[in-house]
Amino acid sequence: MVGAPGAGKGTQATLLAERLGLPHVASGDLFRENIKHETPLGRRAREYVDSGALVPDELTIELIADRLGRPDANEGAILDGFPRTRPQAEALDKMLARMGGRVAAALYIDVDREELVHRLSGRWICSVSPTHVYHEVARPPKVAGVCDIDGAALMQRDDDKPETIRARLHKQLPPMFEVVDYYSERGVLSTIDGDRPVAEVTDQLLHAVTSPAK
Ligand code: ADP
Ligand code: ADP
C-alpha cells in the first residue's frame, strides 16, 4: 500500500489483512516498536522518525527483509508504508524474486494534501495495539480517549505534531511519487480515491486486489 502520511494506509491495511487472511506488515509500527525497546536498529532509526525524515533505505530494507522471512508471511503480506523510495521498491522486487514471489498489486491511496493535514493532526492510536487507529472527528472512539477494542488509553504519535507533519509531507511526498511511477511503469498500480469514507475506500481496494491491473 502506497500513500502519503495520513492517507489511510494503516486503517485500510488492517481491514484488508483481516479480509484476505494475510499478515499486516507496517514499517512505521516496526520502527516504533524497535525505538521503544531501544534495539540497535531502533537507536539508529530514532532521529529520522522523530524529525519526520525517511529512515535510510539500507536500514529499512533490513527491517522488512527480516519481517518477510518469518513463517507467517510465506503466503504473502499486506505491506503498509514500504516501499517509500524507488531503491526500496527495487530491493523489494529482488527480495521477493529470491523467495519466488512478486508484488501482486500496488495500491496507491490518493488523498488531497489539506485532508492529509486534517487526518494526521486528529489521529489517535491505541497505546497497546497501534493498528487500532481513530480520528477525533472522522472516526471517534465510543468513549473519548479509550480504545473501543481493548479499552486501553489512546495516545497521539510524537510525529503527529504540526511541525513534524509539515516536515513529513515535505520530505516524503517526492519519493512517494517515484514509487507510484515505478509501479505504474510495471503495470501493477491501482489508484484508489482515498478522499472517500473508510468503507468505500475498502471496497475500492478489495476490487483492485481481486482484479489487479495487468
Ligand atoms: P504514516 O502512517 O504517518 O505514513 P508510518 O507509521 O508509516 O507513518 O511511518 C512513521 C515513520 O517511520 C516515517 O515518518 C519514517 O520516519 C519511518 N518510516 C516508515 N516506513 C519507512 C520506509 N519505508 N522508509 C523510510 N522510513 C520509513
Ligand atoms: P496512514 O497509515 O496512511 O498514515 P491512518 O490509517 O493512520 O493513515 O489514518 C490517518 C488518520 O485518518 C487516522 O486518524 C484515521 O482514523 C483517519 N482516516 C483514515 N481513513 C479515513 C477516511 N477514509 N476518512 C476520514 N478519515 C480517515
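1. In this predicted model, the helix α2 makes the biggest contribution to the shell around ligand 1, giving four residues. Both α2, which spans 27–36, and α7, which spans 162–185, supply at least two residues of that shell.

2. Ligand 1 is surrounded by 20 residues, and the closest of them are Ser 27, Ala 53, Gly 81, Arg 84 and Arg 168.

3. A polar side-chain atom of Arg 168 lies 2.4 Å from an oxygen atom of ligand 1, while for Arg 123 a polar side-chain atom is 3.0 Å from an oxygen atom of the ligand. At Gly 81 a backbone N or O atom lies 2.9 Å from a nitrogen atom of ligand 1. Of the 550 Å² of accessible area that ligand 1 has on its own, the protein covers 97%.

4. Turning to ligand 2, there are 18 residues around it, of which Gly 6, Thr 11, Arg 123, Tyr 134 and Arg 196 come nearest. This shell is made up of eight nonpolar, five polar and five charged residues.

5. Backbone atoms take part in the contacts of ligand 2: a polar backbone atom of Gly 6 is 2.8 Å from an oxygen atom of the ligand, and a backbone N or O atom of Gly 8 lies 2.9 Å from an oxygen atom. A polar backbone atom of Arg 196 is 2.8 Å from a nitrogen atom of ligand 2. The elements that give two or more residues to the shell around ligand 2 are α1 (9–20) and β6 (133–135).

Note on methods
Residues are numbered from 1 along each chain as its sequence is written. Chains are lettered from A and ligands numbered from 1 in the order in which they are written. This is a predicted model: local features need pLDDT of at least 70, side-chain atom pairs count only at pLDDT 80 or more; totals for chains, interfaces and linings use all residues. Side-chain values use heavy atoms; hydrogens and water are left out. A residue is near a molecule or strand if one of its heavy atoms lies within 4 Å of it. A polar contact is a pair of N or O atoms within 3.5 Å; within protein, one must be able to donate a hydrogen and the other to accept it, and residues adjacent in sequence count only if both atoms are side-chain atoms. Accessible areas come from the Shrake-Rupley method with a 1.4 Å probe; for residues, only the protein chains shown count as cover. Ala, Val, Leu, Ile, Met, Phe, Trp, Tyr, Cys and Pro count as nonpolar, Asp, Glu, Lys and Arg as charged, and the others, Gly among them, as polar.
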